[in-house]
Amino acid sequence: MSGLPREVLKWIQSLDLTWQIKTAKWDVTNGYLIAEIFSWYFPQDIQMHSYNNGTSLDSKQKNWYLLKLFIKRHSLDIPEEYIDGTIHCKEGAAAMLLEIIYELLTNRKVKKTQTEEPDFTDKLYQEKLPMHARSTASKAVKNNLRITEIMADQNLILGAQKSQKIINDHIEHRRQERYQNPDRFQVKPTLGELCVRRPPPQPTQPTFEDSTMGESAAVPSQANPEDLQSMSREPSVQFKEIEVNQMDKSALYNMPIQGY
């Protein structure tokens, strides 16, 4: 029952289920116990003889198909990715699904310490391991991409996209490890990191005295209004008229035409 809060654990034990949930990732994956939990609160809608307590992918899909119809009929706010993660035994998906069901059926809130959104990968487990024991890119794909996902949706493009996303996340985690532990990976600082960074000079803010002095210098204190009026009326640019002697065009027409 690791990963479940104490209040959720006590609530599950009080329901007297067919068998005790020890590891939520494996015990809840086929949906049989989820249907049994809902049958305690909706006995008229959930009939346990309609559900198969099997471990095959076909049994899982049939059970969860009936549960999805029940969830949609009662407008229960359960994310689809939590259900898919539970079917494919993703890390942390079953625990979060049980927490949401607990909140919906009991109208109580679970005290959560985890603020980040779950990604249903083995990232937290890999961070606890020493660096030499952490998984490679191929091992990360094997751990985070279940065979049931490929069997449920045999689209090759979708499978390739999932694998590529896992590899990209693995490369990003390795890059963070190299940044956090440069001595272990013998990472030398670049020339830009070795340079001394100085803040740029801050522009000086003009004071009140400087602004008053500038206004007084721009406008003279003693100015004659008549002089200002005469200056405004006079043109600022002087033009001079030029006379140009134009050629008589009639003489061109009277010239003899030369033969070729």
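**View 1. Helix α5 and its buried side.** In this predicted model, the buried residues of helix α5 (residues 80–87) are Y82, I83, G85, T86 and I87. Here, buried means under 20% relative accessible area with a 1.4 Å probe, counting protein chains only. Helices are DSSP runs of H or I with at least four residues, numbered from the N terminus. The buried residues of α5 pack against α4 (57–73) and α6 (93–106), where contact means heavy atoms within 4.5 Å. After α5 comes C89, with a positive phi near 60°.

**View 2. Where α4 meets α5.** The two axes come within 11 Å and cross at roughly 160°; axes are lines fitted to C-alpha atoms over the stretch in contact, and angles run from 0 to 180 degrees between N-to-C directions. So α4 and α5 are roughly antiparallel, a label used for angles over 145 degrees. The crossing of α4 with α5 is right-handed, that is, the near helix is turned clockwise from the far one by less than a right angle. On the α4 side, the contact uses K60, W64, K68 and I71, and on the α5 side E80, I83, D84, T86 and I87. Sorted by class, that gives 4 nonpolar, 1 polar and 4 charged residues. For the classes, Ala, Val, Leu, Ile, Met, Phe, Trp, Tyr, Cys and Pro are nonpolar, Asp, Glu, Lys and Arg are charged, and the others, Gly among them, are polar.

**View 3. Where α8 meets α10.** Helix α8 (residues 137–144) packs on helix α10 (residues 156–180) at about 125°, with the axes 9 Å apart. That makes α8 oblique to α10, oblique being what is left after under 35 degrees (roughly parallel), over 145 (roughly antiparallel) and 65 to 115 (roughly perpendicular). The crossing of α8 and α10 is right-handed. A137, A140, V141 and N144 of α8 touch S163, I166, I167 and H170 of α10. The contact of α8 with α10 has 5 nonpolar, 3 polar and no charged residues.

**View 4. The chain around these close-ups.** The protein chain has 14 helices and 0 strands. Of its 260 residues, 28% count as buried. Among contacts with a separation of 6 or more, 55% are between residues 24 or more positions apart.

**Notes.** Residues are numbered from 1 along each chain as its sequence is written, and side-chain values use heavy atoms, leaving out hydrogens and water. Because the model is predicted, local features need pLDDT of at least 70 and side-chain atom pairs count only at pLDDT 80 or more, while totals for chains, interfaces and linings use all residues.

Terms used: Helices (H or I, at least four residues) and strands (E, at least two) are DSSP runs, numbered from the N terminus. Buried means under 20% relative accessible area, exposed over 50%, partly exposed in between (1.4 Å probe, protein chains only).
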